[in-house]
Amino acid sequence: MTRKEILTIQTKLLNWYHQNKRELPWRNTTNPYKIWISEIILQQTRVKQGYQYYLNFIKRFPNVKSLAEAEEQEVLKQWQGLGYYTRARNLHKASKMIMCDFNGSFPTQYKDIISLAGIGEYTASAIASFAFQLPYAVLDGNVYRFLSRLFVDETPIQTSEAKKRFNQYATLLLNKKNPDIHNQAIMEMGALQCTPTSPNCVECPVNEHCKAFEMGKIEMFPVKKNKIKQRKRFFNYLFIVENGSTFIQKREEKDIWKNLYEFPLVESEKVLDWEELIKNETFNSYFQEECNLKSVSSIIDIKHVLTHQKIMARFFVLNVVKLKPQNTLEVTFEELKQYPITRLIEIFLEKQKLY
Ligand code: SF4
């Protein structure tokens, strides 16, 4: 690609962006804290879903200090429903790092930004360019798709080889005088124009530079590796209702949903019925004495799909008197709303009209 062609693409991208950009609350700001929060929320969340979360999060934690001083449980509560909770834990951890290592001021250099918990190359480039106008090119899913078509690069996009190659393309195209607007523009181009299916090529401002369009091979890009294998898991929850209260516990292990709350859980290798469940070792470990749990009032099955796991959840609804599972907290349904819970538990409670 010639220098002249690069300059033409840069200009066309900027012009297109000024005419087509969405008005979003985290744009038109150079506040690194707000940019950081928005980028972390948008990592695995669509703009439509993330929008309200962003507003709520910024309202509750308006700056680094307020986030660093909060309890982790409250941060997770704000995050509830967004999924990928490591993002929230890392935000909290990084805010403490900023308070300790950078005297409470958001770092202004790329190497310092990327040293913070949960900040990878993409987020560091986004903050560095949007907040401090540093010349770092961003590479998110939208940009990968756009570049793979523009340059007809067949490298599967999840590979480290692709990361290297696509970073070279993105850096080649980067408008170093306006890295902030250029990065916003290229991401917006992928999100609105160069979409995964049916991109609007006829009206695309850079169609005369796009090799995939010229070759009629748009649907072949980006090239992806085989689909991610999903692990199937079986969760049996004990939903014990006793005088308007129930029992919850915190997930402590290094697993999904760490530090979120859920009902007493028995994980199994297959779907269990009630007779099988009461013979299970984990089930019995919840109860000190033999309890007279003869029956269950209802069973509710919910399939919950995560990126790498498919959870087959079975909720056993038990109406009992004087029964407290070991190591659990008794909470009323009103109190339960104060605890960060998993989306799966939230779905179950919504079905029960309790949330
Ligand atoms: Fe994407 Fe089509 Fe534009 Fe090429 S011409 S960049 S495929 S929208």
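Visitor: Which residue in β3 is the bridge partner of Gln249?

Guide: The partner in β3 is Glu262. The model is predicted, so every value here is computed from it. The bridge belongs to the pairing of strand β2, residues 245-250, with β3, which is antiparallel and runs over two bridges. Strands of a sheet are held to each other through backbone hydrogen bonds, in either a parallel or an antiparallel arrangement. Here the two strands belong to an open sheet of three, in the order β3-β2-β7, with antiparallel pairing. Its edge strands are β3 (261-262) and β7 (329-332), each of which pairs on one side only.

The loop between β2 and β3 holds Asn259. This residue is not a glycine, yet its phi is positive, at about 70°. Most residues other than glycine have a negative phi. Asn259 has a relative accessible area of 12%, under the 20% cut-off, and therefore counts as buried. Asn103 also has a positive phi without being a glycine, in its case about 50°. It sits in the loop between α6 (86-101) and α7 (110-113). Asn103 has 72% relative accessibility, which is over the 50% cut-off, so it counts as exposed. Another backbone feature is the cis peptide bond between Phe221 and Pro222, where omega is about 0°. Pro222 lies in the loop between α12 (211-215) and β1 (231-241).

The sheet is one part of a chain with 16 helices and seven strands. Of its 355 residues, 50% are buried. Its C-alpha atoms fill a box of roughly 80 × 50 × 30 Å along the principal axes. When contacts between residues at least 6 apart in sequence are considered, 65% of them join residues at least 24 apart.

Among the helices, α11 (residues 179-193) can be followed in detail. With 15 residues at 1.5 Å a residue, α11 should span 21 Å, and the 20 Å between its end C-alpha atoms agrees with that. Twelve of those 15 residues are buried, so α11 is mostly covered. The buried ones include Pro179, Asp180, His182 and Gln193. The packing partners of the buried residues are α1 (3-20), α8 (121-132), α9 and α10 (160-173).

Of these partners, α9 (residues 141-150) has an axis that comes within 8 Å of the α11 axis and crosses it at roughly 80°. That angle falls in the 65 to 115 degree range, so the two helices are roughly perpendicular to each other. From α9, the residues that meet α11 are Asn142, Val143, Arg145, Phe146 and Leu147; from α11, they are Ile186, Met187, Met189, Gly190 and Ala191. Seven of the contact residues are nonpolar, two are polar and one is charged.

Two other α11 residues, Gln184 and Glu188, are both buried. They are also among the residues touched by Arg27, together with Tyr17, Lys21 and Arg22, leaving aside residues up to four places away in sequence. Arg27 belongs to the loop between α1 and α2 (32-43). Its relative accessible area is 9%, under the 20% cut-off, so Arg27 counts as buried despite its place in a loop.

Conventions: Residues numbered from 1 in each chain as written. Predicted model: local features only at pLDDT ≥ 70, side-chain atom pairs only at ≥ 80, totals over all residues. Heavy atoms only, no water. Axes fitted to C-alpha atoms, helices over the stretch in contact; angles between N-to-C directions. Helix = DSSP H or I, 4+ residues; strand = E, 2+ residues; numbered from the N terminus. Parallel < 35°, antiparallel > 145°, perpendicular 65-115°, else oblique. Contact = heavy atoms within 4.5 Å. Nonpolar A, V, L, I, M, F, W, Y, C, P; charged D, E, K, R; others polar. Expected span 1.5 Å × (residues − 1). Buried < 20%, exposed > 50% of the residue type's maximum accessible area, 1.4 Å probe, protein only. Pairing = 2+ DSSP bridges.
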